[in-house]
Amino acid sequence: MREIGRLLLLGFAAFLCISFAIYLSNPNIISSLRRQWTELSFTPPTATTSDIFIQRFNRNGWSGLAGFPDRTEIRFPLPPNVPARSGTLYLDLRTQLSQVGDGRLSISINDRTVEEFVLDRGRHDRHFVLTLDQADLQRPFVRVGLRSVGSTGGGQICPVGAVNAASSVEVLPSSGLALDLAEPVRDPAARLALLSEPFAIAYPADPQGQAIAAWTSAYLERLGLGSQFVTDSALAQLALLPEGAAALSDVDAAIGLGAPSGQQYLGALRTPRPRLLEDAPWPVAIERFTNDTLAVTFRGGRRWSIPYYLADMPGGAAPSAITFSIRTGGFAEADALIARVTLNGNLLTSARLSNAPNDQQLRVDLPAQYQGLSNVLELAIVDVSPKPDICAERPEFEAQLLPESSFERGIDEEAAKLALVRILGSAGGISLQQPDAAAGPSSTEAFGDLLAHVMPLRIPPSFQSPQRIAIELVSGSALSTRVAEHRDAPQTMVVLFDAEDRVDGIAVHRIGEVAQDALVTPAAARGALLVSY
């Protein structure tokens, strides 16, 4: 018995010695363990644990910082005319930093710095609970800024010789804004402002209701709002009502949207892209499509992405060119920066930027053959200056893509895709009909995807009255038959999915030019649009 006691005492002494040695080698281990325990036990609030919980835009997409230095801004919309006593921002971050890197992250709310901390090496989840003041609650948005600085070695001979890419800070989908309300919200308009995305829409059973559902899905998608159809009405946040019904009403526990005014009200209230709902004469400024127009600091290179639909251009015309207005902070070495422009993966041009501290113009033609129904235009500024030696750090540059950069007047193109969007964009009225019931929510979502690529936002369709232009939603099983019936109507186009299309996966054919083989592919089986004009 005495021997067992000695062994236990010896084991305890060894444990103390090892623990003391670990502490001496890493004095921060206690605080690190405490933080990890807090992170594991942290539970962010939800809509059931707070009066309102507002999620960030594009909740299902990646958002954050990549590499050093980098900065980004995330907006949380505040519902109008909703009295809030207080607000709390729950910011959940996942940081990753290489084992030979060093970095610091700054967090700001409405340009006011609220947190600064050094990034730990490895992968960590950090949770911040930040209280908003009353001035923050009076704004239409709460703007959360993230800015990172630092360096990473990446296995190079010199720690500062890499491009500083081995770091990332991800804003997790659980991040959100919790508001405590002064009084309950009962008005449908106010309740609409508080709904969380993606909006749960009750799936209609009748063909006309499904046509309204397809357009609703397309309309919200184009405005950057997520939605999904649910077959259980008890789970629905929104119910779709026939054309002519009141814009907003109570339908059991859901909010009723009368087509199309209810959808237009929801879009104007909640969209992160409000400029898409405004008139846009030529030339069209890029701030209609992107908010990435702030000055940025970078090493090595920086990329700007401008996504746009042809249907969002004036009259649906494809732009003929774009003029980038670029402001640089000036730099010592001439010919250090090159600007490269690509459209849907096609390199359009490369040009050297002047090292003078002034605004520079870069005009780039946009060939019609490279444009689709939906497009991504990218501007990359790359540092190509030679390094004097392997251990020299790349210089730091500052640049800004100015919001007055603009697309030039559209071109008249006879290609079916571009011609169709131009026809719809200049239409006085559009009717949308679905003769037969859809196979289910997935079929209606497919129709919505097709409509999102061609329908102009500012021309709501009619679901009851005939118009000059008619769009018919056709199931894949009925496609061959309906096309055959329209062969003698030359002013008809077919819009269908095409797996071989490299731009947007959608093909547009004039009725007399569509091949029978294109109507029986697995992609075409998802459904199609017949557009008569």
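A pocket is an open set of points on a 1 Å grid over the protein atoms alone, where a 1.4 Å probe fits, with protein on both sides within 12 Å along at least five of seven lines, and its lining residues have an atom within 4 Å of a point. The structure is a predicted model, in which local features need pLDDT of at least 70 and side-chain atom pairs count only at pLDDT 80 or more, while totals for chains, interfaces and linings use all residues. Residues are numbered from 1 along each chain as its sequence is written.

The second largest pocket holds about 330 Å³ of space, a volume being the space filled by probe spheres set on the points. It is lined by 15 residues, of which Arg191, Leu194, Leu195, Ser196 and Gln237 are the closest to its centre. At least two lining residues come from each of strand S1 (52–55), helix H4 (188–194) and strand S15 (254–258).

Helix H5, which covers residues 207–222, spans 23 Å from its first C-alpha to its last, close to the 22 Å expected for its 16 residues at 1.5 Å a residue. Because 13 of these 16 residues are buried, H5 is largely enclosed by the rest of the structure, where buried means under 20% relative accessible area with a 1.4 Å probe and protein chains only. Glycine 224, which follows H5, has a positive phi near 80°.

The pLDDT, the predictor's confidence in each residue from 0 to 100, averages 86 over the protein chain, and 88% of the residues score at least 70. Over residues 46–50, however, the pLDDT is below 50. Where pLDDT is low, the predicted coordinates should not be read in detail.

How values were computed:
Side-chain values use heavy atoms; hydrogens and water are left out. Helices (H or I, at least four residues) and strands (E, at least two) are DSSP runs, numbered from the N terminus. The expected span of a helix is 1.5 Å times one less than its number of residues. Buried means under 20% relative accessible area, exposed over 50%, partly exposed in between (1.4 Å probe, protein chains only). Contact means heavy atoms within 4.5 Å.
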